[in-house]
Amino acid sequence: MVSVQFILAIGEPIAILLMGTDTGALGRTYKGRTDSIMVAVLNPKTKKTTLVSFERDMQVNLPDYPEYSPSKLNAAYAYGNAKELAKVLKKYFNIPINAYVLINMGGLKTIINKVGGVDITPNLFFTYEGYTFTKGEKTHMDGAKALAYSRMRYDDPEGDYGRQKRQRQILAALMKKAESATTLLNTSFISSLSKQVQTDMTSLAKNYLAATKNLESDYTHGTGYMEDGVSYQNISTAERQRIINLIRKSMGLKTKKVS
């Protein structure tokens, strides 16, 4: 069942935690970890949306699960759901999360098909799950093809960072379609996806749609390292501060120093 409630007064900037899990399609039904973690700031005052991807392999301590710490950022949802992930992002990036949306692969396919597909210009050439994508060639994708485009990682020279870029491309394509935004913010549509989408929002007021017209995207830049046989991404203090400044500025908030 989808739980819904308004978080802020109408018209105030809102930060939404977006989580994607690699379940709900291809026969996968387990809970899983969050393969994609983003925060979208919708600011109707500046008519702008800021979309930031967070590196899932960042090493973090989980506030409510010290026995499983340190762990990867994408483990926060597996242990403590959206609430725990929001706590971690607030701890490391000073982000005041107002709402969340969790969507699995099946839900993404359904949403994209519901809005009639999306137009994407691939940023590299590759073949994956029976689909071929040509760099620089604008391509109309249905849900299945867009899902394949967003999932490939190992053949991308940028690895998970490249996959994050493609995920942001797809989300941006959805947000640029006014009719898509109307659909995505419709309570009955969200409820129809209740098995594949979880959210604590009933609907975002129509005046948030203006914020989707201008989109800025970014991501946390890190460097890889190994610890006890596990691969992590190190996000430096300077990089965390950069992301803090970006997101808080987009929300009209004063900046805070990284802890």
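1. **Basis.** This is a predicted model: local features need pLDDT of at least 70, side-chain atom pairs count only at pLDDT 80 or more, and totals for chains, interfaces and linings use all residues. Residues are numbered from 1 along each chain as its sequence is written, and side-chain values use heavy atoms, with hydrogens and water left out.

2. **Overall make-up.** The chain holds 7 helices and 14 strands. Helices (H or I, at least four residues) and strands (E, at least two) are DSSP runs, numbered from the N terminus. Of the 259 residues in the chain, 54% are buried. Buried means under 20% relative accessible area, exposed over 50%, and partly exposed in between (1.4 Å probe, protein chains only).

3. **Surface and contacts.** The chain exposes about 12200 Å², and carbon and sulfur atoms supply 52% of that area. Accessible areas come from the Shrake-Rupley method with a 1.4 Å probe; for residues, only the protein chains shown count as cover. Take the contacts between residues at least 6 apart in sequence: 62% of them join residues at least 24 apart. Contact means heavy atoms within 4.5 Å.

4. **Helix 7.** This helix has 14 residues and reaches 20 Å from its first C-alpha to its last. That is close to the 20 Å expected at 1.5 Å a residue. The expected span is 1.5 Å times one less than the number of residues. Its buried residues include Glu-239, Arg-240, Ile-243, Ile-244 and Ile-247. The buried residues of helix 7 pack against strand 2 (34-43), strand 3, helix 1 (75-93) and strand 12 (215-219). Gly-252 follows the helix, with a positive phi near 75°.

5. **Arg-240.** Is this arginine buried or exposed? Arg-240 sits in helix 7 (residues 237-250). It counts as buried because its relative accessibility is 9%. Leaving aside neighbours within four places in sequence, Arg-240 is in contact with Met-58, Tyr-92, Phe-93, Ile-235, Val-258 and Ser-259. Gly-222 is 18 residues away along the chain, and the C-alpha atoms of Arg-240 and Gly-222 are separated by 9.8 Å.

6. **Helix 1.** Here the span deserves a look. Helix 1 has 19 residues, but its end C-alpha atoms are only 17 Å apart. A straight helix would reach 27 Å at 1.5 Å a residue. Helix 1 has a kink of about 130°, centred on Asn-81. The bend at a residue is the angle between axes fitted to the seven residues ending there and the seven starting there. Buried residues of helix 1 include Ala-75, Tyr-77, Leu-85, Leu-89 and Phe-93. Asn-94 follows helix 1 and has a positive phi, near 55°.

7. **Cores.** Which residues touch the most other members of the largest nonpolar core? They are Phe-54, Leu-73, Leu-89 and Phe-93, in a core of 32 residues. Strand 1 (14-21), strand 2, helix 1 and helix 7 each supply at least two residues of this core. Helix 1 gives the most, with 9 residues. Apart from it lies another core, of 31 residues, among them Leu-18, Ile-111, Phe-133 and Met-152. A nonpolar core is a set of buried Ala, Val, Leu, Ile, Met, Phe, Trp, Tyr and Cys residues joined through side-chain atoms within 4.5 Å.

8. **Phe-93.** Not counting residues up to four places away in sequence, Phe-93 touches Phe-54, Met-58, Thr-220, Arg-240, Ile-243 and Ile-244.

9. **Strand 3 and its partners.** Strand 3 is mostly covered: 5 of its 6 residues are buried. Strand 2 and strand 3 run antiparallel and are joined by 6 bridges. They form a hairpin with 4 residues between them, and Lys-47 in the turn has a positive phi of about 55°. Strand 3 and strand 12 run parallel, with 5 bridges. Two strands pair if DSSP finds at least two bridges between them.

10. **Ser-53.** This residue lies in strand 3. Ser-53 is buried, with a relative accessible area of 1%. Met-38 stands opposite Ser-53, and in strand 12 the bridge partner of Ser-53 is Tyr-219.

11. **Arg-56.** Arg-56 is in the loop between strand 3 (48-53) and strand 4 (59-60). At 9% relative accessibility, this arginine counts as buried. Its contacts beyond four places in sequence include Asp-35, Leu-73, Arg-153, Asp-160 and Arg-163.
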